[in-house]
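Me: Please show me the model. I would like to go through its salt bridges and overall dimensions.

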Amino acid sequence: MKKRSKIHASQQVIQILHKLTDFHYNMLPGRASAGIWALLRAWDFHDRVVLLPANTCYIVLWAVLKSGNHPLLVDVDPRTANLTVANLDATLMSNPAVVIPSHMYGLPAPMSAICQWAQTNGLKVIEDAALALGATVDGRPAGTWGDAAVFSFGLGKIADNQVGGALVTDDPTLAHEAERLLAEVPFWDDQLMALTNQWNGLYWSLHQYESQNPRLLALYPQLFDLYGDLTVYQLTAADWVDLPDLLRNLPDNLARRAHQTALYDAHLPIDRFLPSLVRPAGSMLWRYPLLVASEQRDDLLAHLWEQGIHDATRWYPSLRPMAAVLAPYISQPPTPAADSLAASIINLPLGVHVDETDILEIAGLINNFMNEITE
């Protein structure tokens, strides 16, 4: 009976995803990056250029490399942290095959324009909705655009199952080949969990200091060799047991996040920071993105950490340093907007583990910090 209920949990997840996206083919890789890897392999792309935002998660870069293709970083709109068609136009001379737009921080990327651009120029589109579960994009739910889309249910995501991802598409041939490929990858186990914990600790330190000490970059090729298997795996049936309830509770989760976002808006001294990121219609924040002058950002973070607010982070760092050493054969274009955002972003916690008291405490600490540095 226990085994049957576990299998039923994964089937329930697929049914819920079908209702969320209306895509006909839904599968559950171990993480979103495994879905990206499978899609690139299923299209039989090799040694092709894949476009991705310069400020997306490093694991997207790893998925492209693991698939045998070449990541090309694209600068983003400094107002939204997302890709734009104007920036994508500059990449056409590289003859790209795929573009992977991401909805950074839960702010919708202009998917309608990006998909039209991709169709005109013969590119495939993988919509990365890892940070945007529950958001709407150009009037449609996030994860319903492009040739395929991926979601993440990993640690810290909107539906936090600690592990897990989803791949959705309406292309039966693509779905069947991706499913075949994913069925052949290793299962998540204690060894992969240990490697994950090791890598998370290492990367947290490395990305903080790589710009100050460029010699650290020489470590990335060996670390990719040691930890690259974390990019692609599948999960056992037991790993999906809690996810159906997390997805059923998504409306309450989203309402809570909207309320928390409004509290931050009301109590943070926004006018004393850099201009805030624009929130397009349909935004649903993954974390609350706060832009702070780069010379103050790390001091403010240290102040919050000293007060026990360890969920305040500087994600996402620019991928330029890592890409330069993991893909030295491809010249990365300048990405000043993404680099600037990486130097000024602070993400404040949102979600089911945060309450109104937490929000007011964090806002108070930030207000006190700003008062001290301006006295």
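Reply: A salt bridge here is a side-chain nitrogen of Lys or Arg within 4 Å of a carboxyl oxygen of Asp or Glu. This is a predicted model, in which local features need pLDDT of at least 70 and side-chain atom pairs count only at pLDDT 80 or more, while totals for chains, interfaces and linings use all residues. Residues are numbered from 1 along each chain as its sequence is written, and side-chain values use heavy atoms, with hydrogens and water left out.

Me: How far apart are the closest N and O atoms of Glu184 and Arg180?

Reply: Glu184 and Arg180 belong to a network of salt bridges that also includes Glu177. Glu184 is exposed at 55% relative accessible area (buried is under 20%, exposed over 50%, partly exposed in between; 1.4 Å probe, protein chains only). Arg180 is partly exposed, at 39%. The closest N and O atoms of the pair are apart by 3.0 Å.

Me: Is Asp77 buried or exposed?

Reply: Asp77 forms a salt bridge with Arg79, with 2.7 Å between the closest N and O atoms. Arg79 has a relative accessible area of 54% and is exposed. Asp77 has 10% relative accessibility, so it counts as buried.

Me: What is the radius of gyration of the protein chain?

Reply: The chain has 14 helices and 11 strands (DSSP runs, H or I of at least four residues and E of at least two, numbered from the N terminus). For 375 residues the globule rule gives 21 Å (2.2 Å times the number of residues to the power 0.38, with the radius taken over C-alpha atoms). The chain comes close to that and is as compact as a globular protein of that length, its radius of gyration being 20 Å.
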